[in-house]
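We will go stop by stop.

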Amino acid sequence: MKNCIKGHQFVVLATAALLGLVSRPVLAHHGTANVYDNIKAVEMKGTITMFEWTNPHNQIHFDVTDATGKVTSWIAATEPPQVMLERGWTRRSLKAGDQVTAYVFVAKNGAPVGNLQRIVLADGKQLGTGGGAPAPAAAPAAAPAAPPPTK
């Protein structure tokens, strides 16, 4: 009986250790500091090719044409759909063919992927993700001038 308990304890400990090793990469998934340059978002003008409204992160696919005419297909991740709904997005916020200016924290390794900070539609509407402060849509109105002093 004593050997059976020791064997059972070994199996429990081995299983716990294995689960600890397997779960570590899952926890690492959400760390973006080592993957993306989160200091400055890169501005890119492009055309939406696909918008995937899906968990765990929405994916925005867009093509960017450089000065030489070379087209690069980019993918930018956003927050999950529920978070994006709270920020004013819907599954219909972007559609294939939309001309946009995307601000993306790009991958440090040079891959055409990144984390979306914000996107500006052709009509000037901005959609942010909370990844840094989006620029204001328009400059604030100037305060009215003070009335001249009375005599």
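The tour below says what to select and what is there.

**Before you start**

This is a predicted model: local features need pLDDT of at least 70, side-chain atom pairs count only at pLDDT 80 or more, and totals for chains, interfaces and linings use all residues. Residues are numbered from 1 along each chain as its sequence is written, and side-chain values use heavy atoms, with hydrogens and water left out.

**Stop 1: a cis bond**

Select Asn55 and Pro56. The peptide bond from Asn55 to Pro56 is cis, with omega near 5°. Most peptide bonds are trans. Pro56 sits in the loop between strand S1 (42-52) and strand S2 (59-65). Helices (H or I, at least four residues) and strands (E, at least two) are DSSP runs, numbered from the N terminus.

**Stop 2: Glu79**

Now select Glu79. Its place is the loop between strand S3 (71-77) and helix H2 (81-86). Glu79 is partly exposed, at 35% relative accessible area. The cut-offs: buried is under 20%, exposed is over 50%, and partly exposed is in between (1.4 Å probe, protein chains only). Which residues does Glu79 touch, not counting those up to four places away in sequence? They are Pro56, His57, Asn58, Met84, Arg87 and Thr129. Contact means heavy atoms within 4.5 Å. So Pro56 from the previous stop is back in view.

Glu79 and Asn115 are 36 residues apart in sequence, and their C-alpha atoms are 8.9 Å apart in space.

**Stop 3: salt bridges**

How many salt bridges does the structure hold? There are 2. Each puts a side-chain nitrogen of Lys or Arg within 4 Å of a carboxyl oxygen of Asp or Glu.

- Select Lys45 and Glu43: their closest N and O atoms are 3.8 Å apart. Lys45 is exposed at 55%, while Glu43 is partly exposed at 46%.
- Select Asp98 and Lys95: the N to O distance is 3.1 Å. Asp98 is buried at 16%, whereas Lys95 is exposed at 55%.

**Stop 4: the cores**

A nonpolar core is a set of buried Ala, Val, Leu, Ile, Met, Phe, Trp, Tyr and Cys residues joined through side-chain atoms within 4.5 Å. Select Ile60, Phe62, Trp89, Leu94, Val104, Leu116 and Ile119. These have the most contacts inside the largest core, which has 20 residues. S1, S2, S3, strand S4 (99-106) and strand S5 (113-121) each give two or more residues to this core. S4 gives the largest share, 4 residues.

Last, select Ala41, Tyr103, Phe105 and Val120. They are among the 6 residues of another core, apart from the largest one.
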